[in-house]
Amino acid sequence: MTTTPVDGLSGARADAPADALTGELIAAENAHVAHNYHPLPVVVARAEGAWVTDVEGKRYLDLLSAYSALNFGHRHPALVAAAVDQLGRVTLTSRAFHNDRLGPFAEALAALCGKDMVLPMNTGAEAVETGIKLARAWAYRVKGVPEGAATIVVADGNFHGRTTTIVSFSDDPQARAGFGPFTPGFVSVPYGDAEAIARAIDENTAAVLVEPIQGEAGVVIPPEGYLRRIREICDEKNVLFIADEIQSGLARVGTTFACDREEVVPDVYLLGKALGGGIVPLSAVVADAAVLGVIRPGEHGSTFGGNPLACAVGQQVVEMLASGEFQTRAQALGEHLEQALQALVGAGVTGIRVAGLWAGVDIDPAYGTGREIAERLLHRGVLVKDTHGQTIRIAPPLVVRATELDWAVEQLRLVLAG
Ligand SMILES: *Cc1c(COP(=O)(O)O)cnc(C)c1O
């Protein structure tokens, strides 16, 4: 049996060698948790702002932010207060009844997006699934596509989640192999090539579904004008433009949405991750009534979707975004980070891609794999995650300080210097 480190640092027992508790807890996970992830060997017990503390009492700067679910940092006081307050009232009603938090949350989120309506779900993958069902229903009921014939155009290198339908249009062999048969109705074209999208569209196309910046692929930023051209193509061909802003949205790139960088408004926003403030799973599909209005009672839903606890946190998130403070911070800190990282290009780094406070850093294979660099950074008190072999992704909480970013980049420099 292992003891749960409820008190975090209390796990550091005088008679036990350092790291014994870490080893014990990791062994318990390995024995009893499916091996669907390969975590770095650190066991987090506490966190605040941009920092986490492990069960041994060691502190680490969190440069992953739970894949941008922690844009506002760990345990932001305003978000914790909203959650605690709601815990004392009501947490779950199901949508069989109304609750007093859903309407105000939806109104605020729709206003942030400049849209009419919200369909609340829990995880990002559920928002994507909802977007797919919505696009198909819209194609049959509004556009007049023959039942069963609707297609959706997606981009190579995409990441939209882990359900069977979503992995059906992934081109990542690890995500797909062994999980077929796959859902038909998707056409994939090269990312960043808007004319390839235009060529893939026919009279049965319901939607174009893309990430405005591909996060899991390694912070891949499309050429300037890509999103604007998709908007034009979708308007011309009467096709919905669905932007998966689950990782790129909610201030990460220096604007509320990554689409804002090209002043583009998609027909449908898919949101998740940071929408739940790093406290609760909360996702949403946001669109105008002409689109979301096609969904009728009984056709779609989720027991926890729109629950009052998540809505209370989500409304606080929207309020924090409405001030523009986090967007401004992401922009300024991102420029700072880019300058610091630029100095490493040619010294173990082969290239960087930066959008707001979000960076993909390609590691020269001669210096180690992305995983090895992440492990060495861990020993220096910096948490990052590798993706696709040679890339590490840097996505700090937007509450991080410039001096902390400088320190983290210095740790990366030291790791690369051997
Ligand atoms: C994380 C992510 C998802 C899936 O979200 P989950 O909450 O993990 O299901 C979908 N799309 C994008 C772009 C993501 O980054």
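Show the surface first. The accessible surface of the protein comes to about 18,100 Å². Carbon and sulfur atoms hold 54% of that surface. Such areas come from the Shrake-Rupley method with a 1.4 Å probe, and for residues only the protein chains shown count as cover.

Before you go on, know what you are viewing. This is a predicted model, where local features need pLDDT of at least 70 and side-chain atom pairs count only at pLDDT 80 or more, while totals for chains, interfaces and linings use all residues. Residues are numbered from 1 along each chain as its sequence is written, and side-chain values use heavy atoms, with hydrogens and water left out.

**The whole chain**

Switch to cartoon. You will find 14 helices and 15 strands. Both are DSSP runs numbered from the N terminus: helices are H or I with at least four residues, strands are E with at least two.

Zoom out. Along the principal axes, the C-alpha atoms fill a box of roughly 70 × 55 × 45 Å. The radius of gyration is 22 Å, which agrees with the value near 22 Å for a compact globule of 418 residues. That rule is 2.2 Å times the number of residues to the power 0.38, and the radius is taken over C-alpha atoms.

Now colour by burial. Buried residues make up 54% of the 418. Buried means under 20% relative accessible area, exposed means over 50%, and partly exposed lies in between (1.4 Å probe, protein chains only).

**Two domains**

Select 48–70 plus 325–417 for domain 1, then 77–322 for domain 2. These bounds come from an automatic or database domain assignment. The C-alpha centres of the two domains lie 27 Å apart. Where they touch, 25 residues of domain 1 are in contact with 25 residues of domain 2. Contact means heavy atoms within 4.5 Å.

**The loop between β8 and β9**

Go to the loop between β8 (240–244) and β9 (268–271), where T255 is found. Which residues does A251 touch, leaving aside neighbours within four places in sequence? They are T256, L321, F326, Q327, A330 and L398. A251 has 0% relative accessibility, so it counts as buried. Draw a distance from A251 to A330: their C-alpha atoms are separated by 6.8 Å, although they are 79 residues apart along the chain.

Next, select T255. This residue is partly exposed, at 22% relative accessible area. Not counting residues up to four places away in sequence, T255 touches D260, R261 and Q327.

Stay in this loop for E263. Is E263 buried or exposed? At 75% relative accessibility, E263 counts as exposed.

Most residues other than glycine have a negative phi, and most peptide bonds are trans. E263 is not a glycine, yet its phi is positive, about 50°. Jump to S68 in helix α2 (residues 65–68). Phi of S68 is also a positive value, near 80°. S68 is buried, with a relative accessible area of 1%.

Then select G180 and P181. A cis peptide bond joins them, with omega about 0°. P181 is found in the loop between α7 (173–176) and β6 (186–189).

**Last stop**

Finish at D386, in strand β14 (residues 385–387). D386 has 13% relative accessibility and therefore counts as buried. Beyond residues up to four places away in sequence, D386 touches G370, R371, T391 and I392.
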